[in-house]
Amino acid sequence: MKETEQQRLSKPAQPMPIMRKGTQVSVYMGAGWEKGAVTESRKDMCVVRLNRGNNRTRTCHDARNIKIHPTP
């Protein structure tokens with residue numbers, strides 16, 4: 001069964017994984033998931049450039065708000 005957003009956010013905070021620049025990810029924006037690519041990653045935060053929208057850069061500080069896409 002798929003986990004709901006409320007179940008996902010009710011879990012304790014998780015440490016941010018360090019990702020390579022260019023890794024394809026999805027970032028939770030409040031109204032849904034937006035796709036983008038990692039531009040900077042450290043153990044405490046990750047900066048993602050989104051594929052669409054006016055404000056195209058997002059910073060994530062919690063691993064619950066980011067999903068890594070599997071490589072094909």
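The side chain of Arg 56 reaches the backbone oxygen of Asn 51 at 3.2 Å. The model is predicted, with local features requiring pLDDT of at least 70 and side-chain atom pairs counted only at pLDDT 80 or more, whereas totals for chains, interfaces and linings use all residues. Residues are numbered from 1 along each chain as its sequence is written, and side-chain values use heavy atoms, with hydrogens and water left out.

Arg 56 lies in the loop that links strand 3 to strand 4 (57-60); strands are DSSP runs of E, at least two residues in length, numbered from the N terminus. With a relative accessible area of 30%, Arg 56 is partly exposed, a class between buried (under 20%) and exposed (over 50%), assigned with a 1.4 Å probe on protein chains only. Beyond its neighbours within four places in sequence, Arg 56 is in contact with Val 48, Arg 49, Leu 50 and Asn 51, contact being defined as heavy atoms within 4.5 Å.

The largest nonpolar core comprises 10 residues, among them Val 48, Leu 50, Cys 46, Cys 60 and Ile 66. Such a core is a set of buried Ala, Val, Leu, Ile, Met, Phe, Trp, Tyr and Cys residues joined through side-chain atoms within 4.5 Å. Strand 3 gives the most to this core, with 3 residues. Outside four places in sequence, the contacts of Ile 66 include Met 16, Met 19, Trp 33 and Cys 46.

The structure holds 0 disulfides, a disulfide being a pair of cysteine sulfur atoms within 2.5 Å. For Cys 46, the nearest cysteine sulfur is that of Cys 60, 6.1 Å away. Cys 46 is buried at 0% relative accessibility, and Cys 60 is likewise buried, at 5%.

Terms used: Helix = DSSP H or I, 4+ residues; strand = E, 2+ residues; numbered from the N terminus. Polar contact = N/O pair within 3.5 Å; in protein donor to acceptor, adjacent residues only side chain to side chain.
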